[in-house]
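Subject: Structure handover

Hello,

Here is the structure I promised to pass on. Please open it beside this message as you read.

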Amino acid sequence: MNRADSRLTLAPADQALVDGVLARNRRALAKSITLIESTRSDHQRRAQQVINALLQHTGNSIRIGISGVPGVGKSTFIETFGLFLIAQGMRVAVLAVDPSSSVSGGSILGDKTRMEMLSQRPEAFIRPSPSAGSLGGVADRTRETLLLCEASGFDVVIVETVGVGQSETAVAAMTDIFMLLQLPNAGDDLQAIKKGIVELADLIVINKADLDPEAAALARAQLKSALSMLRHTTPGWEPPVLVLSALKDDGVASFWAEVTRFRDVMSASGEFMAKRRGQALAWMWELIDRGLRARFRGNPQVRSTLPTLVEAVAMGNTMPTLAAQRLLGMFEGK
Ligand code: GDP
């Protein structure tokens with residue numbers, strides 16, 4: 001980005017937000033996130049200017065993605081882990097990507113009883129999933145919120161998602177390290193392997209080991225052998241499988257030790273920043289693709305011709321190649 005772009009003069013209200021976020025003021029952070037999540041176009045414009053002004057202050061946290069089916073213990077884990085980080089002198093932000101919240105109106109972090117102790121700590125900032133729009137839109141808002149949290153000096157940003165659907169891919173694409181939480185039984189890991197979520201994981205944690213330590217050890221061995229046959233998304237890193245109990249606060253320190261080892265190994269090889277650069281570029285291209293698609297579908301000529309051509313292709317009367325060429329031609333005004 002051109003440096004001049006980030007020095008655009010901001011309106012006084014927006015400059016106050018930028019200053020407040022940098023001063024680690026929670027109200028300013030919350031207000032900036034509300035601006036990001038607003039669907040009003042004037043709010044969107046202001047939000048982009050605020051983020052742009054803060055961009056040079058981002059990048060200093062470690063971004064951890066956490067996934068797992070409902071009931072596996074995500075919020076119990078985040079509460080225990082968050083309190084552990086605070087005890088080490090760190091500040092932690094917890095965000096979520098839950099596209100189902102736009103349907104149900106609720107969200108995975110909406111329930112006030114979750115992470116009760118963590119939510120009362122001034123060193124923690126917990127924000128539910130944005131509830132408006134498609135997975136792409138929800139993920140965009142969460143990425144932007146993550147950047148604001150970094151500018152506001154949080155050392156660790158956790159992005160939580162439920163272990164169903166495409167949201168894991170979106171969260172893995174915005175975090176440095178992606179962790180999968182599993183139950184200590186064989187059926188659970190088979191499900192995750194089948195859905196392709198295990199391939200995304202940089203770290204697998206078997207929770208609730210206190211209930212049945214033997215079953216947990218067996219699940220660990222099975223997952224380790226399954227992992228040895230898979231190709232991993234992060235080169236130069238073999239995902240460890242840990243066994244812990246979030247409820248009994250047993251094993252969280254070794255989880256943090258693995259996260260920092262990951263950061264150190266990846267930083268030494270240059271992969272850490274390479275992954276972030278790749279993620280930023282992939283995000284830009286995704287926005288371009290989505291934007292082009294929306295414009296294509298919104299083009300008046302395309303809109304009036306599309307149903308006829310769709311029908312013709314479906315009936316086998318027109319070649320898909322020809323139909324695509326004609327529609328793209330109309331879009332380009334040819
Ligand atoms: P989430 O839906 O993934 O966020 O799961 P929760 O954190 O709400 O946990 C679901 C249930 O599992 C709750 O009743 C927790 O108390 C319980 N739980 C979570 N972690 C553990 C654990 O390590 N051991 C045991 N025994 N129970 C746990």
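Predicted model: local features only at pLDDT ≥ 70, side-chain atom pairs only at ≥ 80, totals over all residues.

Residues are numbered from 1 along each chain as its sequence is written, and side-chain values use heavy atoms, with hydrogens and water left out.

**Pocket and cavities**

Rolling a probe the size of a water molecule over the atoms shows where empty space is left. The search runs on a 1 Å grid over the protein atoms alone. A cavity is a set of points where a 1.4 Å probe fits but cannot get out. A pocket is an open set with protein on both sides within 12 Å along at least five of seven lines. Lining residues have an atom within 4 Å of a point. Points are joined across faces, edges and corners, and a volume is the space filled by probe spheres set on them.

The largest pocket has a volume of about 710 Å³. It is lined by 22 residues, and Leu-55, Thr-58, Leu-147, Ala-280 and Trp-283 are the closest to its centre. Helices α3 (41–54), α7 (135–151) and α13 (271–298) each give two or more residues to this lining. Helices (H or I, at least four residues) and strands (E, at least two) are DSSP runs, numbered from the N terminus. α13 gives the most, with eight residues. By class, the pocket lining has twelve nonpolar, five polar and five charged residues. Here Ala, Val, Leu, Ile, Met, Phe, Trp, Tyr, Cys and Pro count as nonpolar, Asp, Glu, Lys and Arg as charged, and the others, Gly among them, as polar.

There are two cavities of 30 Å³ or more.

**Core**

The largest nonpolar core has 47 residues. Such a core is a set of buried Ala, Val, Leu, Ile, Met, Phe, Trp, Tyr and Cys residues joined through side-chain atoms within 4.5 Å. Buried means under 20% relative accessible area, exposed over 50%, partly exposed in between (1.4 Å probe, protein chains only). Among those with the most contacts inside the core are Leu-29, Phe-125 and Ile-204. α7 gives the largest share, seven residues. Domain 1 (1–57) and domain 2 (58–268) both contribute, so the core lies between them. The domain bounds come from an automatic or database domain assignment.

**Strand β5**

All six residues of β5 (177–182) are buried, so this strand is largely enclosed by the rest of the structure. Ile-177, Met-179 and Leu-181 point one way, and Phe-178, Leu-180 and Gln-182 the other. β5 pairs in the parallel sense with β1 (62–68) over four bridges; strands pair if DSSP finds at least two bridges between them. Met-179 is the bridge partner of Ile-66. Four bridges also join β5 to β6 (203–206), again parallel. There, Leu-180 stands opposite Ile-204.

**Two loop residues**

Most residues other than glycine have a negative phi. Lys-208 has a positive phi, near 60 degrees. It sits in the loop between β6 and α11 (213–227). Asp-249 also has a positive phi, about 55 degrees. Its loop runs between β7 (241–243) and α12 (252–269).

Best regards
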